[in-house]
Amino acid sequence: MSASPSPVWHAFTQHGLGEEIPLIDRAAGATLYGADGRAWIDAISSWWVITHGHCEPRIQAAIRAQTDRLDQLIFAGWTHEPAETLARGLIAMAPAGLAHVFFSDSGSTSVEVALKMALGYWLNRGEPRHRILVLEHGYHGDTIGAMSVGERGVYNRAYQPLLFDVGTIPFPAEGREQATLDALEAACRGADRPAAFILEPLVLGAGGMMMYGPQVLAAMRAICAAHGVLFILDEVMTGWGRTGTTFACEQAGIAPDILCLSKGLTGGALPLAATLATPAIFEAHLSPDRGRMFFHSSSYTANPVACAAANANLAIWREEPVADRIAALAAMQAERLAALDGRGRIRAKRRTGTIAAMEFVEEGSDYLSAIGPRLNAFFRDRGLLLRPMGNVVYILPPYCITAGELDRIYTAIEEAAEWIGRE
Ligand SMILES: *Cc1c(COP(=O)(O)O)cnc(C)c1O
């Protein structure tokens with residue numbers, strides 16, 4: 001092979017550590033195949049995007065068919081059938097009350113769009129508001145606006161002077177839910193009236209798979225509704241079945257004013273995002289005055305090939321027993337997690353739907369603690385893509401994963417618990 005170093009600058013990677021960067025050639029189901037003949041079980045769905053499995057045949061066929069018809073189209077004032085079909089399909093699937101779909105290309109942009117919609121809503125109503133409430137430990141992406149509404153830490157230290165101020169509501173840890181609700185109530189009543197509250201429902205993904213229940217989600221929604229504060233749900237990770245229902249908010253029996261979707265929207269095959277909004281938010285921008293339109297676009301907004309992939313994903317949800325597969329995976333996760341014996345090294349085992357998580361005990365561990373990369377390498381050497389966040393190990397697999405593959409993952413986790421500290 002070539003001796004010159006790769007010019008690729010990888011995402012969230014410290015190249016100075018010289019860690020191995022496997023070269024993947026192809027993927028199918030829950031397996032990644034290396035160019036050198038090795039294989040890995042994709043236990044984190046390639047960073048939470050792959051839902052049904054890699055190279056899902058119906059999605060791949062839809063992509064191939066669309067590439068021969070229409071590759072790309074300006075979406076300002078022009079439209080195409082895949083986007084029209086997808087928007088109708090999303091409204092039919094989404095919680096009641098959401099009636100308009102704005103397309104973009106990533107989870108971060110779906111959040112930027114949501115924040116801009118909320119601010120535009122208030123300005124166009126002649127009642128400008130700019131304050132955004134956020135949930136402690138939240139994550140909404142890596143662009144400046146998305147970082148502003150996310151947890152501050154080492155990962156955004158260099159940019160902090162540019163991040164805008166927000167009101168942070170404490171995470172509703174078990175037993176402390178009332179403190180969260182009280183803080184939200186106080187923030188909504190405050191003199192500086194908030195424009196919106198943005199949060200991830202039931203599971204805070206990048207915050208470390210932190211989980212809370214549907215009752216407190218419903219209560220937070222009710223407080224915002226009572227005070228006229230827009231409720232933005234970021235279901236970029238939780239959407240498409242991860243938490244056991246198509247969207248996490250269904251479990252609380254609620255609908256947001258604005259809903260952010262991405263990751264599993266195309267089954268994970270192509271980048272695409274959608275921000276769904278209520279008629280009130282759309283209508284606040286509706287006017288013969290061009291100055292009141294929604295000023296947002298990205299070049300690849302509603303790319304036809306990505307929309308075709310998403311339409312195939314929606315067809316799978318409508319026509320195949322996806323809910324049964326998710327329920328079966330959730331049950332397998334529950335069983336393996338309960339049986340997991342980390343001999344004292346593993347604590348805080350938790351699960352919501354198909355997502356299982358736990359913490360590895362080591363003194364003074366945080367996101368940058370050395371345990372993460374060590375575990376990462378340990379799992380990689382055992383044929384697993386299982387990339388911990390700090391000391392949090394989580395299993396978030398594609399829904400096609402087999403019982404045998406799941407057993408291999410849990411066996412490796414038990415071995416890691418034995419190995420850590422003894423290396
Ligand atoms: C991944 C993620 C995002 C950002 O999505 P990108 O496609 O990586 O920009 C936003 N919100 C949540 C909850 C996420 O998990």
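**Reading strand partners**

Analyst: Ile346 stands opposite Phe360 in strand 14. The model is predicted, with pLDDT of at least 70 needed for local features and 80 or more for side-chain atom pairs, while totals for chains, interfaces and linings use all residues. Residues are numbered from 1 along each chain as its sequence is written, and side-chain values use heavy atoms, without hydrogens and water.

User: In which sense do strand 13 and strand 14 pair?

Analyst: Two strands pair if DSSP finds at least two bridges between them. Strands (E, at least two residues) and helices (H or I, at least four) are DSSP runs numbered from the N terminus. Here strand 13 (residues 346-352) and strand 14 (residues 355-360) are antiparallel, over 5 bridges. They form a hairpin with 2 residues between them, and Gly353 in the turn has a positive phi of about 60 degrees.

User: What is the strand order in the open sheet of 7 strands?

Analyst: The order is 4-12-11-10-7-5-6, with mixed pairing. Strand 4 (100-104) and strand 6 (167-169) are the edge strands, each pairing on one side only. Strand 4 pairs with strand 12 (residues 273-277) in the antiparallel sense over 5 bridges, and Val101 stands opposite Leu276 of strand 12.

User: At what angle do the axes of helix 6 and helix 7 cross?

Analyst: Axes are lines fitted to C-alpha atoms, for helices over the stretch in contact, and angles run from 0 to 180 degrees between N-to-C directions. Helix 6 (residues 177-189) and helix 7 (residues 214-227) have axes that come within 10 Å and cross at roughly 15 degrees. That makes helix 6 roughly parallel to helix 7 (angles under 35 degrees count as roughly parallel, over 145 as roughly antiparallel, 65 to 115 as roughly perpendicular and the rest as oblique).

User: How is the chain divided into domains?

Analyst: Domain bounds come from an automatic or database domain assignment. The chain has domain 1 (57-319) and domain 2 (323-421), with C-alpha centres 28 Å apart. In contact (heavy atoms within 4.5 Å) are 17 residues of domain 1 and 16 residues of domain 2.
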